[in-house]
Amino acid sequence: MDFSKYKNILVYIELADAKIAKISLEVLGAAKKIASKTNEELIAVVTGSGVAAAAADALTYGADKVIAVDNADCADFNLDVQTEILAQIAAKYLPSTILLGATQNGKDLAGRLAFRLGTGCVSDAFGVDVDEAGNIVWTCAVYGGAVYTDMVIDSARPQIGSLRSAAFKKNEPVPGKTGEIIQEDVKVSPEIIKVKAVESVKEISETVNLEEAEVIVTGGRGMGSAENYELIKELAKLLGGEVGATRPVTEAGWVPKIHQVGQSGKIVSPKLYIACGVSGAVQHTSGMTGSDYIVAVNNVEEAP
Ligand SMILES: Cc1cc2nc3c(=O)[nH]c(=O)nc-3n(C[C@H](O)[C@H](O)[C@H](O)COP(=O)(O)OP(=O)(O)OC[C@H]3O[C@@H](n4cnc5c(N)ncnc54)[C@H](O)[C@@H]3O)c2cc1C
């Protein structure tokens, strides 16, 4: 098929308190890697109300250009509005690829957008490469993380994919880097808005920042008891890190669920991950294989 009219990589930027969310910085990192292989431009799409600072930041974090949709109607994330905006931008700029973060909103948006544009969508990829034909090769975990699979979208453009949190490194910022910021005045008619957010409530229980931690010390069931688990906390404190846990540990109540790493917990990528008394089940390792160094303390040498 002839895809020659499709060019460049669009990255949808999610904002958190008017700043680029960490996941979107990681997506810019992955996009840069692809763009350098395909010789395409990396274009960030920033939507919201008062997005000038975020648009400038996108340039310092690797975007070649930014499309900014600065509109009071976009102040809060609305799926109908964002789908319409991205669909219009995709129709105008004809990108080869659209990348989003695999957040709740990002995954929702990716699927809707793919349907709207009549193309394919890959969800929650943790690896991206480019094949000889120029297709993105998306690596995803299936069957609860037991099997990894490579997928391509080779019959339609743009290729759309959401990328897993903490699976990609963000680009080093280049302070003062400038570039073109294109202001797009996208019109969204009110009839298409079917759902409205009436209130946003911030979760206040979250005090553990596993996703940002450089050192994580995790204790598993092999720690034996809640008292022994205190050693994990002590070591984490001495190393200036955070405390992680496996599911049996959070279920036993040794630490709250917010410390859980894995498929049904947090996805983390510290510089150093120390796992004590952890067997290494796929449901756990799928949440921490992005760590730079992994130290496992286990009395069974064959433990995975
Ligand atoms: C749908 C689903 C989702 C799941 N999500 C998650 C998830 O998000 N995160 C998660 O962690 N799990 C998850 N699980 C559970 C997962 O399958 C494993 O059961 C769990 O990770 C095992 O935890 P563990 O390693 O602490 O315990 P175990 O598997 O019991 O391992 C304990 C380890 O400690 C070692 N040990 C024992 N005594 C000592 C000692 N004295 N010194 C050193 N080592 C010792 C043992 O050799 C063993 O390897 C999920 C399961 C399902 C089905």
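The model is a predicted one. In a regular strand the side chains alternate between the two faces of the sheet. Strand S4 comprises residues 42–48, and because 7 of its 7 residues are buried, it is largely enclosed by the rest of the structure.

Two strands pair with S4. Strand S1, residues 9–13, pairs with S4 in the parallel sense over 5 bridges. Within this pairing, Tyr12 stands opposite Val45 of S4. Strand S5, residues 65–70, also runs parallel to S4 and is joined to S4 by 6 bridges. There, Asp70 of S5 is the bridge partner of Gly48.

Helix H1 spans residues 22–38. Its 17 residues reach 25 Å from the first C-alpha to the last, close to the 24 Å expected at 1.5 Å a residue. An α-helix has 3.6 residues a turn, so residues three or four places apart point the same way. The buried residues of H1 are Ile23, Ser24, Leu25, Glu26, Val27, Leu28, Gly29, Ala30, Ala31, Ile34 and Ala35. Just after H1, Asn39 takes a positive phi of about 55 degrees.

Most residues other than glycine have a negative phi, and most peptide bonds are trans. Leu94 has a positive phi, near 45 degrees, and is found in the loop between helix H3 (79–93) and strand S6 (97–101). With a relative accessibility of 25%, Leu94 counts as partly exposed. Ala166 also has a positive phi, near 65 degrees; this residue lies in the loop between S11 and S12. Ala166 has a relative accessible area of 6% and is therefore buried, the cut-off being under 20%.

The loop between strand S11 (159–163) and strand S12 (180–183) also holds Pro175. At 75% relative accessibility, Pro175 counts as exposed. Another proline, Pro158, lies in the loop between strand S10 (147–151) and S11. The peptide bond from Arg157 to Pro158 is cis, with omega near 0 degrees.

The ligand remains to be described. It has 22 residues around it, of which Arg221, Thr246, Ser264, Ser279 and Asn298 come nearest. The residues of this shell divide into 6 nonpolar, 14 polar and 2 charged. Ser264 places a polar side-chain atom 2.6 Å from a nitrogen atom of the ligand. A polar backbone atom of Gly265 is 3.3 Å from an oxygen atom of the ligand, and an N or O atom in the side chain of Ser279 is 2.6 Å from an oxygen atom of the ligand. Taken alone the ligand exposes 990 Å², and the protein buries 70% of that. Helix H6 (247–251) and helix H7 (282–285) are the elements that give two or more residues to the shell.

Methods
Residues are numbered from 1 along each chain as its sequence is written. This is a predicted model: local features need pLDDT of at least 70, side-chain atom pairs count only at pLDDT 80 or more; totals for chains, interfaces and linings use all residues. Side-chain values use heavy atoms; hydrogens and water are left out. A residue is near a molecule or strand if one of its heavy atoms lies within 4 Å of it. A polar contact is a pair of N or O atoms within 3.5 Å; within protein, one must be able to donate a hydrogen and the other to accept it, and residues adjacent in sequence count only if both atoms are side-chain atoms. Accessible areas come from the Shrake-Rupley method with a 1.4 Å probe; for residues, only the protein chains shown count as cover. Helices (H or I, at least four residues) and strands (E, at least two) are DSSP runs, numbered from the N terminus. Ala, Val, Leu, Ile, Met, Phe, Trp, Tyr, Cys and Pro count as nonpolar, Asp, Glu, Lys and Arg as charged, and the others, Gly among them, as polar. The expected span of a helix is 1.5 Å times one less than its number of residues. Buried means under 20% relative accessible area, exposed over 50%, partly exposed in between (1.4 Å probe, protein chains only). Two strands pair if DSSP finds at least two bridges between them.
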